[in-house]
Amino acid sequence: MKKRAVLVVNFGSQYVQLIARRVRELGVYSEIINWDEGIEEIEKSKPYGLILSGGPSSVYSPDAPLPDPEIYNLGIPVLGICYGLQVITHQLGGRVEKSNKQEYGRARLRVIKEDPLFQGLPEEFDVWMSHADKVVSLPEGFETLAISDNSPHAVVRHRERGIYGLQFHPEVAHTSYGKEILANFVYEVCKAERNWEIENFLEEKVEEIRSQVGDAKVISALSGGVDSTVASVLVHRAVGDRLHCFFIDHGLLRKGEREKVEERLRSLGLPLKVVDASELFLSKLKGVEDPEEKRKIIGRTFIEVFEREAKKIEGAKFLLQGTLYPDVVESAGIKGSAKIKTHHNVGGLPEKMNLKLIEPLRELFKDEVRELGKALGIPKDILGRHPFPGPGLAIRILGEVNSQDLKTLREADSIFIEELKKAGLYDRIWQAFAVLLPIKTVGVMGDVRTYEKVIALRAVDSKDGMTADWYRLPYDFLDKVMRRIINEVEGINRVVYDVSSKPPSTIEWE
């Protein structure tokens, strides 16, 4: 029997899955539905409550996404977040207008009326705002519970019907007590029962995979990273020897990566075949500079190679990929989300494939994947690896990819990672890597003028990859890495450090 859930209604927010994840962290099952989901389907699922997500639209626009107003008559609690608050206000008779003063970033929330939503919280705390519109008048029956300097109705509720609205985002880490607010809504308002753990996901996903695959065989797109490794071990548990793992060496790996990956994967008992396709990938990337085109070429070539190998496996019908939720969102896989970039495992695929995709991690964030890996018994040293993009070093060389630049980047990246591990910093950082820039700068080495390339170092702190802040590496450490790279890597005479956060930047440069 399907679990009861807190349903998150998606209006195109980049953080819609983050809301669902926060609910799951509280121990309650959560699912995402699109804003145009039929009222009958919602009612049939008997949800504990509804959370209306944020979104990029304005409720007064002609094409604004608006749900069936009958959701407010189902007799279940509703919580609107940012755009969700404005939807509630607009549909129930209040007024939303463009704000003269937009509100982005940290704001001070002041609670002016007690409510179960604020149980155990202080009267003032910081919240994270991100809106250009604001509520200027409430619908009949609503009252204001909290305000901020620029939001006279920062938190509202209907006096009798359990309908709430927040102008800020409780799901992001920048909001103090955001988790507590969601917990109060889930448990105090919705009266939900605990029914979700990663072990539940594991058990249900194994059964789902068995049902999906049937008697067919699965080809695993193994890269050796956390995502593909966890996905493969999960599917191996579900279908056993009917999983066939292939590690494709596309020639875009880090220094010593092929040997390390092969050793790790065989230690997990996975059936593995290594395929050297490096010359094929590099030939197809020759002369290509556009990052989107590089990703698409790599994605298409991956599928070509896998289809070629699949023909050798009688009964192979499925291609396994370790797609995660951030990949889906950034590739506009969620209806209404803005596209940021194409990911090799969800974009650039040929319209007609000889293999069907199976993506068992599609609704998970990276930290949840690591939790799943622990539940599967995968060693910590594998689960603790930094994320590595499917297109590999191709998107860390800005511009055309060639063998000489790959060698240069491999050496610089290897020095950076080696020093991070020596200094005990590697496990504190979400992701760290080097980027080779397509520019040259003047330098002086041994009293001789040089004109060489630039390496940029990137290290970020994050929980899920959706947002990230640059990691404050010690100056002495950066100085040591810089000196080693310039002294040991031929063709480099300058090293810079990237101090951009996400947003507005992405973690990878391409």
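1. Start with strand E7 (residues 142-147): five of its six residues are buried, so the strand is largely enclosed by the rest of the structure. Buried here means under 20% relative accessible area, exposed over 50%, and partly exposed in between (1.4 Å probe, protein chains only). Strands (E, at least two residues) and helices (H or I, at least four) are DSSP runs, numbered from the N terminus.

2. A word on the model: it is predicted, so local features need pLDDT of at least 70 and side-chain atom pairs count only at pLDDT 80 or more, while totals for chains, interfaces and linings use all residues. Residues are numbered from 1 along each chain as its sequence is written, and side-chain values use heavy atoms, with hydrogens and water left out.

3. There are 40 salt bridges, each a side-chain nitrogen of Lys or Arg within 4 Å of a carboxyl oxygen of Asp or Glu. One of them joins Lys3 to Glu204, with the closest N and O atoms 2.2 Å apart. Lys3 sits in the segment before strand E1 (6-10) and Glu204 in helix H5 (residues 198-213), so this pair ties together parts 201 residues apart in sequence.

4. Helix H5 also holds Glu208 and Lys205, three residues apart, about one turn of the helix. Their side chains meet in a salt bridge (3.1 Å, N to O). Lys205 is buried at 5% relative accessible area, whereas Glu208 is partly exposed at 44%.

5. Look too at Glu411 and Lys255, whose side chains form a salt bridge (3.2 Å, N to O). Glu411 belongs to helix H13 (residues 403-422) and Lys255 to the loop between strand E11 (243-249) and helix H7 (257-267), so parts 156 residues apart in sequence are tied together.
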